[in-house]
Amino acid sequence: MKKRVLSGVQPSGDLHIGNYLGALKNWVRMQHDCESIFCIVDLHAITVYQRPEELRAKITELAALFVAAGIDPKVSTIVVQSMVHGHAELAWLLTCVTPVGWLQRMTQYKAKSDSQGTAGDGLLQYPVLMAADILIYQAHVVPVGEDQSQHLELTRDIAQRFNSLYGETFVMPETSLPAVGARVMGLDDPEKKMSKSAAGAGHAIALLDPPEVIRRKIMRATTDSLPAVDFENLGAGVRNLLTIFQAFSDWSDDRMQRHFSGMRYGDLKKQAAEMVASSLDPIQRRYRELMSEPGAVDRILAEGCQRVAPIADATVNLVKQRMGLYTRS
Ligand code: AQP
């Protein structure tokens, strides 16, 4: 039996190379060996305020970018979280077995609630909804970037707690991190994770940035006071540029060292910019083609939703039965 893979991205801003290298590139690689479900997690996005008309457009854009990045909708299922009602229903059922202290300890909650004037309850419940996204499909593997590792641990804790209270119900999901690119840092501040919601024009490279913008952002990236690459003494900014290059090129550590040792930062930046621009070019072309076909993305999403709804319904029914609730069937 093929393993089932589940992962998602929030339509909360412009998809960036951190999302691509941390998650999507791994999805594309895994999709032929596994039964894959890739989710646009719009219910997660609204845990911080989103302008409705922009959110709607971002959902379509994100689905098109999934396909453009190499997700084949004939092989994998692309689904919008809010179109499958079971995600929200299961999240409530899991909320009832999740101690609030577990949620208050989440670093993402602490960081995001600090940056909001008033944090909505959804921000606290975010990891429970994420657990529901994964557990509803009884996923075996969850390919994510490093920032989501803590949420995955929590998902396993919630599943274990449910299983011990109500009997074996959920598959225990494993985290899958990419060997290179699990945590891409901001170009303007290499101490901070590259993020969709971070302010600053030079922070992130969006998947749809034109080549000249990519070049400009990388040439202005923060490095350090050394003149050239020294693998014994890598500053965070230089390490980040090398990581970006290696994750796009799939070069080995040895080849990276031979090629870049002693190279001046200006040349490293030029080569990193060319690598990123040339890797994103085919993705951008496929994206434009898909977006010019009226209704193409909506058809992919409707089909995806239809394909997974029976799996989701079956899990929600099982969970409700286990808990002693009425079920629809
Ligand atoms: N900087 C990153 N490096 C590697 N992987 C990353 N991911 C996110 N940032 C990086 C991975 O991308 C997937 C989708 O992320 P998300 O949309 O669920 O939200 P996030 O992790 O909160 O990402 P952002 O870009 O920082 O969004 P905002 O600013 O909206 O919160 C996940 O697998 C994530 O690990």
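## Basis

In this predicted model, local features need pLDDT of at least 70, side-chain atom pairs count only at pLDDT 80 or more, and totals for chains, interfaces and linings use all residues. Residues are numbered from 1 along each chain as its sequence is written, and side-chain values use heavy atoms, with hydrogens and water left out.

## Ligand shell

The ligand is surrounded by 23 residues. The closest are Lys112, Asp147, Lys193, Lys196 and Ser197. By class, the shell has 6 nonpolar, 12 polar and 5 charged residues. Here Ala, Val, Leu, Ile, Met, Phe, Trp, Tyr, Cys and Pro count as nonpolar, Asp, Glu, Lys and Arg as charged, and the others, Gly among them, as polar.

Strand 1 (4-9) and helix 1 (17-30) each give at least two residues to the shell. Helix 1 supplies the largest share, 4 residues. Both kinds of element are DSSP runs numbered from the N terminus (helices H or I, at least four residues; strands E, at least two).

## Polar contacts and cover

Polar contacts are pairs of N or O atoms within 3.5 Å. A polar side-chain atom of aspartate 147 lies 2.5 Å from a ligand oxygen. For serine 12, a side-chain N or O atom is 2.7 Å from an oxygen of the ligand. Glutamine 10 uses its backbone: a polar atom there is 2.9 Å from a ligand oxygen.

On its own, the ligand has 630 Å² of accessible area, and the protein covers 97% of that. Areas come from the Shrake-Rupley method with a 1.4 Å probe. The ligand sits in the largest pocket, with more than half of its atoms within 2 Å of the pocket's grid points. A pocket is an open set of points on a 1 Å grid over the protein atoms alone, with protein on both sides within 12 Å along at least five of seven lines.

## Cavities

The structure holds 2 cavities of 30 Å³ or more. In a cavity, a 1.4 Å probe fits but cannot get out; lining residues have an atom within 4 Å of a point. A volume is the space filled by probe spheres set on the points.

The largest cavity has about 40 Å³. Its lining is Met106, Gln108, Tyr109, Lys112, Leu123, Tyr126, Pro127 and His151. Helix 6 (107-115) and helix 7 (121-135) each give two or more of these residues. The second largest cavity holds about 30 Å³. Pro11, Gly13, Leu15, Lys58, Glu61, Leu62 and Leu65 line it.

Note on methods: Near = heavy atom within 4 Å. Polar contact = N/O pair within 3.5 Å; in protein donor to acceptor, adjacent residues only side chain to side chain.
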